[in-house]
Amino acid sequence: CGTGGRRWSVPGSAGVGGGSMSAAVLATSVRSGDRSARSVIEEHLETIDGTENQIHAFNLVMADEALEAADILDSRVASGEDPGPLAGVPVAVKDNICTRGVPTSCGSLILERWCPPYDATVIKRLSDAGAILVGKTNMDEFAMGSSTENSAFGPTRNPLANDRVPGGSSGGSAAAVAAGFAPLALGSDTGGSIRQPAALCGVVGVKPTYGLVSRYGLVAFASSLDQIGPFATTVADAALLLEVVGGHDPMDSTSIPEPLPSLAAVLEDGVDGLRVGVIQELSGDGVDGIAGDVQARVTEAAEVLSAAGATVELTSVPSTVYGLSSYYVIAPAEASSNLARYDGVRYGLRIDAPSTPEMNTATRTAGFGDEVKRRIMLGTYALSAGYYDAYY
């Protein structure tokens, strides 16, 4: 271990376009033997090598490991095995999802060289489905940000326009899919960290229902809000990935103890009979904090749904206007609690000092970035004696 923040590459030419085929089609071709998993991985690694230096979607590209996994999978196919619904499909994973023996930095210096001793449940489920991990993606430090500029390892750029941000905090995962580095990626969403970068990069992103996907092995930011979810280029691929990683997990106490409903089976059902509410407090001209072009696209989406057979109506949810302010009490308070574990003793970076309190302070000062420090301070304030009850 000890390679956190380092980016590996393989020789190759730009513009191969390994991400042009859907994950479902790729998996079908590998399962049938029409294509080798190795050829799929090589194409995507060449695409990564061509433009990753401009985009910086990854903190770590796992070229050697991916090729080795592809060869093993090809041997299984040759022997008559079916490796699973994602056979040979390259998947990029946000750098706050634990991977055994592989650096998981959370975009932070405090965890730069930390290698988890176990895999997250979603990583195990990807492997069981035949998917191949090609790298750990860049992110706002500890998932705190909306632009992937708050990473200790530099910003990620939007593949559609390199002078623009990809969104955040899962910007590296969104950018990896948009750039064709991988047809699928996993991110995490606490207050928009999958949905917003998906929108900015022009890909599909889903924040699943709380408890639908196990968080065992997801490094915590705000535990009552965090969720792991998919990025893809199509709704069908996003559904396929969500079906693979979702479902009950006894290792996660918040996991829904029921079977995952089938998603692929209902993709062609249409929207006849669906009731859609457009929240009155977030619609209309001049709503504070909502850009005009964003509002226009929401209105357009409602009109498309209505034309397709859904019943679309205005509905009032007055408490909606308190959502953002509530988030900025709850999320920093939970972050303050969760990040207290990074004390220079148990995980990652340690800056030696004459006493334990001085060592704690020195480690956190050097290891945490400005945005993380701001949110910890806000959360600690909200949790402090004399303020706790008022903010609750």
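Helices (H or I, at least four residues) and strands (E, at least two) are DSSP runs, numbered from the N terminus. The views show a predicted model, in which local features need pLDDT of at least 70 and side-chain atom pairs count only at pLDDT 80 or more, while totals for chains, interfaces and linings use all residues. Residues are numbered from 1 along each chain as its sequence is written, and side-chain values use heavy atoms, with hydrogens and water left out.

**View A. The cis peptide bond between G168 and S169.** The bond joining G168 to S169 is cis, with omega about 5 degrees. S169 belongs to the loop that runs between strand 3 (132-137) and helix 5 (171-178). F142 is also placed in the loop between strand 3 and helix 5. The phi of F142 is positive, near 55 degrees, in a residue other than glycine. F142 is buried, at 3% relative accessible area; buried means under 20%, exposed over 50%, and partly exposed in between (1.4 Å probe, protein chains only). Most residues other than glycine have a negative phi, and most peptide bonds are trans.

**View B. C106, a non-glycine residue with positive phi.** C106 has a phi near 55 degrees. The loop between strand 2 and helix 4 holds C106. With a relative accessible area of 1%, C106 is buried.

**View C. Helix 4 and its cover.** Helix 4 spans residues 121-128, and its buried residues include T121, V122, I123, R125 and L126. Among the elements that cover these buried residues are strand 2 (90-94), strand 4 (184-189), strand 6 (227-232) and helix 7. After helix 4 comes G130, with a positive phi near 90 degrees.

**View D. The buried acidic side chain of D249.** D249 sits in the loop between helix 7 (235-245) and strand 7 (275-279). D249 is buried but has no salt bridge, a salt bridge being a side-chain nitrogen of Lys or Arg within 4 Å of a carboxyl oxygen of Asp or Glu. The nearest side chain of opposite charge is that of R125, 4.8 Å away; Lys and Arg count as positive and Asp and Glu as negative, with His and the chain ends not counted. R125 is itself one of the buried residues of helix 4. The side chains of D249 and S214 make a polar contact at 2.6 Å. A polar contact is a pair of N or O atoms within 3.5 Å; within protein, one must be able to donate a hydrogen and the other to accept it, and residues adjacent in sequence count only if both atoms are side-chain atoms. Leaving aside residues up to four places away in sequence, D249 touches T121, R125, S214, Y216 and S255, where contact means heavy atoms within 4.5 Å.

**View E. The salt bridge between R38 and D71.** The N to O distance between the side chains of R38 and D71 is 2.8 Å. R38 lies in helix 2 (residues 37-55) and D71 in helix 3 (residues 63-78), so this pair ties together parts 33 residues apart in sequence. R38 is partly exposed, at 29% relative accessible area. D71 is also partly exposed, with 33% relative accessibility. A network of salt bridges links R38, E42 and D71. The structure as a whole holds 16 salt bridges.

**View F. The salt bridge between E313 and R275.** The side chains of E313 and R275 meet with an N to O distance of 3.4 Å. Because E313 lies in strand 8 (residues 311-315) and R275 in strand 7, the pair ties together parts that are 38 residues apart in sequence. E313 is partly exposed at 40% relative accessibility, and R275 is exposed, with a relative accessible area of 67%.

**View G. The salt bridge between D343 and R346.** The closest N and O atoms of D343 and R346 are 3.0 Å apart. D343 is buried, with a relative accessible area of 12%, whereas R346 is exposed, at 53%.

**View H. S22 in the segment before helix 1.** S22 precedes helix 1 (23-32). A polar atom of the S22 side chain lies 3.1 Å from the backbone nitrogen of V25. S22 is partly exposed, with a relative accessible area of 21%.
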